[in-house]
Amino acid sequence: MTKNMFVAATLLASVSAIALAAGPVELNDENTGRIREMLTDQGYEVGKIKIEDGLYEAYARKDGHKYEVFLDGDFAVVRTEMDD
């Protein structure tokens, strides 16, 4: 296994462990409302919300940029990726 493959596998395992340690990820009106409110309070305009790889994924805009914001089952932001 190359060093890059090892690092990628380790990162994937870490993200999976974080997702499993948090509460359940369930897409419903209550949870999407909570995510929208939280991200709106942080200055985002929130679009679509879905589940990907055991995390909530919110498509959002802020300061003229597009983002993908990933949250765990406890609604903690795990990572944010710029999507321009």
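Start by selecting Glu 68, which sits in strand E3 (strands are DSSP runs of E, at least two residues, and helices are runs of H or I, at least four, all numbered from the N terminus). Before you go on: this is a predicted model, where local features need pLDDT of at least 70 and side-chain atom pairs count only at pLDDT 80 or more, while totals for chains, interfaces and linings use all residues. Residues are numbered from 1 along each chain as its sequence is written, and side-chain values use heavy atoms, with hydrogens and water left out.

Is Glu 68 buried or exposed? Glu 68 counts as buried because its relative accessibility is 13% (buried is under 20% relative accessible area, exposed over 50%, partly exposed in between, with a 1.4 Å probe and protein chains only). Now show its contacts (heavy atoms within 4.5 Å): leaving out residues up to four places away in sequence, Glu 68 touches Glu 57, Ala 58, Tyr 59, Arg 79, Thr 80, Glu 81 and Asp 83.

Next, hop to helix H2, residues 29-41. At its start, look for a side-chain oxygen of Asn 28 within 3.2 Å of the backbone nitrogen of Glu 30.

Select Asn 31, Thr 32, Ile 35 and Leu 39, the buried residues in H2. They share one side of the helix because they cover an arc of only 95 degrees around the axis (taken from the directions from the helix axis to the C-beta atoms). The buried residues of H2 pack against strands E1 (45-52), E2 (55-62) and E3 (65-71).

Terms used
The expected span of a helix is 1.5 Å times one less than its number of residues. A polar contact is a pair of N or O atoms within 3.5 Å; within protein, one must be able to donate a hydrogen and the other to accept it, and residues adjacent in sequence count only if both atoms are side-chain atoms.
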